[in-house]
Amino acid sequence: MPKDLVTRTTLLDESPPFIPDSPELMTVLLEVPPGGSVPPHRHSGPLSAYVLEGEMIFELEGQPERVVRAGEAVFEPGGDVIHYQTANPRPDTWLRFLATMIMVPGQPMQTLVSDEELELRRDRRAPRPS
């Protein structure tokens, strides 16, 4: 293939805060229906995600929520950080995104966070939009 036919676009350039020993790598396609969401959770290691279709409300502990649109990427450090929101705000289309995770061997890809823990850490959540 001739060099001039190849285009490279950097979508995300992050330095993970840590890489687990003997990590496992997983790439998944996630599909969230119109108005759907994923409950608050955390991951054992860092991950990146790329939105293929739709829009995502994305909120990590200590960061304000933001809208991520098709063609954009996000990073999550994993570990103890709570991922408050992955939500599809659109009433008319699915949210589809790819997530690549670097995981601690033997630990689940995602661990849900209890209501009690959310209450204990509420001071770490960025102010909510009004």
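Strands S5 and S6 form a hairpin with five residues between them, where helices (H or I, at least four residues) and strands (E, at least two) are DSSP runs, numbered from the N terminus. In the turn, glycine 62 has a positive phi of about 85°. This is a predicted model, in which local features need pLDDT of at least 70 and side-chain atom pairs count only at pLDDT 80 or more, while totals for chains, interfaces and linings use all residues. Residues are numbered from 1 along each chain as its sequence is written, and side-chain values use heavy atoms, with hydrogens and water left out.

S5 covers residues 55–60 and S6 covers residues 66–69. The two pair in the antiparallel sense over four bridges; pairing requires that DSSP finds at least two bridges between two strands. Isoleucine 57 stands opposite valine 67 in S6. S5 also pairs in the antiparallel sense with strand S8 (residues 83–87), over four bridges, and here phenylalanine 58 stands opposite threonine 86.

Six of the six residues in S5 are buried, that is, under 20% relative accessible area, with exposed meaning over 50% and partly exposed in between (1.4 Å probe, protein chains only). Glu55, Ile57 and Glu59 lie on one side of S5, and Met56, Phe58 and Leu60 on the other.

Leucine 52, in strand S4 (residues 47–53), counts as partly exposed because its relative accessibility is 43%.
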